[in-house]
Amino acid sequence: MAVIFSKIGIIGGGISGLAAAKQLAEHNPIVFEATDSIGGVWKHCSFRTTKLQTPRCDYEFSDYPWPLRDNTSFPSYNEILEYLNSYANHFDLFKFINFNSKVVEIRLAKDHLESPSKLSTLLPGKPVWEVAVQTSGSTAIQWYGFEFIVVCMGKYGDVPIIPTYGRNKGPEVFKGKVMHSQEYSKLDAEESSQLLKGKKVVIIGYKKSGIDLAVECAEANQGDDGKACTMVVRTSHWTVPHYSIWGLPFYLFYSTRFSQFLHARPNQGTLRTLLCQLLSPARKAASKIIESYLLWKLPLVKYGLKPDHPFEEDYASCQMAILPESFFPEADKGKINFKRSSNWWFWEGGVEFDDNTKLEADVVLLATGYDGKKKLRTVLPEPFRSFLEYPSGMLPLYRGTIHPLIPNMGFMGYVESVSNLQTSEIRCKWLARLVGGKFKLPSMEKMLEQVNTEMEIMKNTTRFYKRTCISTFSINHNDEICEEMGWNSWRKKSWLAEAFSPYNSQDYQD
Ligand SMILES: Cc1cc2nc3c(=O)[nH]c(=O)nc-3n(C[C@H](O)[C@H](O)[C@H](O)COP(=O)(O)OP(=O)(O)OC[C@H]3O[C@@H](n4cnc5c(N)ncnc54)[C@H](O)[C@@H]3O)c2cc1C
Ligand SMILES: NC(=O)c1ccc[n+]([C@@H]2O[C@H](COP(=O)([O-])OP(=O)(O)OC[C@H]3O[C@@H](n4cnc5c(N)ncnc54)[C@H](OP(=O)(O)O)[C@@H]3O)[C@@H](O)[C@H]2O)c1
């Protein structure tokens with residue numbers, strides 16, 4: 001078996017893979033991308049109406065500003081793809097990428113089978129991992145050997161979460177069509193309109209994919225003969241119509257040093273823990289101000305959609321969705337209905353609920369999310385695969401990047417914040433310096449302790465702590481990353497800006 005050796009392998013050509021390739025370019029990495037294009041979810045999970053949930057300047061590489069970056073509108077997925085292609089061209093990243101190349105297995109190289117934990121360097125001069133790659137349209141496998149691997153396979157896309165059902169309660173008894181949002185994203189405008197037009201549609205899920213699907217459904221059903229769609233809402237979460245709350249910019253509430261000062265952060269010491277307890281009324285007040293605005297602005301009470309939990313908990317778990325402008329106007333026109341239920345199943349004519357009610361349906365769309373961990377489990381070998389199993393469902397990664405028990409491997413794109421591009425890019429900079437030997441990782445015990453401390457903070461802030469989300473302490477997280485890289489962590493030009501202006505990628509230029 002001929003093995004191709006190289007120093008660094010990167011798996012995935014989404015924003016995380018691109019950022020990793022850019023930062024590790026001096027090592028001539030090989031990037032494997034399973035599909036025929038870069039962009040990841042923006043290419044393969046987007047609907048006709050999918051847009052970025054923030055203005056472009058919040059989703060930008062630090063050394064590659066968007067054209068018209070001050071345009072405050074949210075760019076469409078096509079504009080994002082153009083931006084990413086232009087970035088990849090500008091930094092000559094395409095030369096690193098092997099398209100249509102799917103990594104199907106990763107295993108430890110023979111030399112390291114016995115003693116992976118004894119590896120003391122990240123670039124030891126011989127392969128640590130072997131990677132099996134299958135090219136589209138072929139069954140042949142090509143093996144590669146790498147000293148270090150960066151896994152950027154994405155948390156979303158590829159592996160949909162499909163609900164499970166009791167006997168004779170699954171899609172097999174339903175006469176209509178069932179489709180996950182992932183499959184729906186493959187349809188073109190004509191096909192999606194045909195699927196929805198004049199049909200009774202039920203959408204399972206009330207988060208961003210479900211909300212966008214409801215709007216597409218309403219748009220396809222304009223006019224008197226158009227049918228209404230119904231969203232099945234298991235948990236009602238806070239949604240936000242725009243980034244202004246009672247006339248104040250949204251970033252003032254959570255994205256400045258001043259606002260994040262109110263929130264618990266890892267390694268904060270006893271004094272700060274006490275201070276955080278004392279400051280909890282201020283935190284609650286910030287959350288209440290936002291809730292009061294949303295309840296005033298949106299008909300949440302009218303539709304029975306007022307969440308039972310504080311806004312802060314959605315924000316702290318990276319679940320906040322931006323509402324398309326036409327969402328509630330379409331509900332007011334009767335084109336979008338809501339059904340609160342946590343237990344539902346199929347009957348031959350549609351969907352049935354545990355309150356003994358039934359909905360008729362021609363099409364059931366599952367906007368039930370994705371299983372990013374399953375994707376990782378399919379390629380990682382044991383025992384490393386089981387290290388990903390953590391009680392809460394979060395991925396235990398030091399600096400959101402290194403698993404303390406998995407040698408010579410980085411994970412990018414598994415920690416979330418307000419802008420996942422910014423979150424991935426700064427960690428790629430950190431990783432490139434780590435791999436380049438500019439600093440060393442702390443001991444395994446210290447890394448595990450840090451990971452556990454971060455998880456505790458997330459658990460204590462929100463009941464929805466399944467995602468690794470650092471949105472309430474992102475500046476502190478980046479401070480620690482900067483310090484480890486030998487950078488100044490306070491990166492603004494004045495104290496005033498340091499306290500009250502938001503941090504974005506531009507603040508973390510090299
Ligand atoms: C519809 C949608 C909209 C979103 N909107 C926002 C937003 O507004 N703001 C925000 O911050 N975040 C948003 N997100 C989160 C989004 O996932 C991140 O912002 C970011 O794009 C993730 O990039 P990534 O590179 O980590 O992963 P991905 O984009 O998922 O890229 C992973 C890549 O790896 C490839 N791959 C997977 N498995 C293999 C394999 N075995 N071998 C080779 N290649 C493989 C995939 O083909 C894919 O190209 C959104 C997510 C979705 C699904
Ligand atoms: N920028 C954009 O425009 C855009 C568009 C789409 C997606 N996204 C992003 O993509 C990611 C995935 O979003 P997503 O909406 O696809 O998935 P998601 O955030 O995981 O939401 C899944 C939804 O399905 C519900 N659900 C899951 N299983 C269910 C079941 N068995 N019965 C009833 N309800 C069930 C969940 O309810 P519970 O809350 O009760 O679990 C939740 O409402 C997110 O990060 C999102 O921000 C962004």
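The shell around ligand 1 holds 14 nonpolar, 12 polar and three charged residues. Here Ala, Val, Leu, Ile, Met, Phe, Trp, Tyr, Cys and Pro count as nonpolar, Asp, Glu, Lys and Arg as charged, and the others, Gly among them, as polar. The model is predicted, so local features need pLDDT of at least 70 and side-chain atom pairs pLDDT 80 or more, whereas totals for chains, interfaces and linings use all residues. Residues are numbered from 1 along each chain as its sequence is written, chains are lettered from A and ligands numbered from 1 in written order, and side-chain values use heavy atoms, without hydrogens or water.

In total, 29 residues surround ligand 1. A residue is near a molecule or strand if one of its heavy atoms lies within 4 Å of it. The closest are Ser16, Glu33, Gln53, Tyr59 and Asn420. Polar contacts are pairs of N or O atoms within 3.5 Å; within protein, one must be able to donate a hydrogen and the other to accept it, and residues adjacent in sequence count only if both atoms are side-chain atoms. A polar backbone atom of Gln53 lies 2.8 Å from an oxygen atom of ligand 1. For a backbone N or O atom of Val41, the distance to a ligand 1 oxygen is 2.9 Å. For Cys152, again through a backbone N or O atom, it is 3.5 Å. On its own, ligand 1 has 980 Å² of accessible area, and the protein covers 91% of this. Such areas come from the Shrake-Rupley method with a 1.4 Å probe; for residues, only the protein chains shown count as cover. Helix H1 (15-23), helix H2 (41-44) and strand S4 (101-108) each give two or more residues to the shell. S4 gives the most, with three residues. Helices (H or I, at least four residues) and strands (E, at least two) are DSSP runs, numbered from the N terminus.

Ligand 2 is surrounded by 21 residues. Lys51, Ser209, Thr235, His237 and Trp344 are the closest. By class, seven are nonpolar, eight polar and six charged. Side chains supply contacts here. An N or O atom in the side chain of Thr235 is 2.4 Å from an oxygen atom of ligand 2. A polar side-chain atom of Lys207 lies 3.3 Å from a ligand 2 oxygen, and one of Asp212 lies 3.5 Å from a ligand 2 oxygen. Alone, ligand 2 exposes 920 Å², of which the protein buries 82%. Helix H6 (residues 208-220) gives the largest share of this shell, three residues.

Five strands form an open, parallel sheet in the order S7-S18-S8-S9-S14. Two strands pair if DSSP finds at least two bridges between them. Strands S7 (177-180) and S14 (336-340) stand at the edges with a single partner each, so one side of each has no neighbour in the sheet. Four bridges join S7 to S18 (residues 363-366). Lys177 stands opposite Val363 in S18. H6 packs on the sheet and touches S8, S9 (229-233), S14 and S18. Contact means heavy atoms within 4.5 Å.

Antiparallel pairing also occurs. Strands S15 (residues 344-347) and S16 (residues 350-353) pair this way over four bridges. A hairpin of two residues joins S15 to S16. S16 also pairs with S17 (residues 358-360), antiparallel, over three bridges. The hairpin of S16 and S17 has four residues between the strands, and Asn356 takes a positive phi near 70 degrees there.

Methods: Axes are lines fitted to C-alpha atoms, for helices over the stretch in contact, and angles run from 0 to 180 degrees between N-to-C directions.
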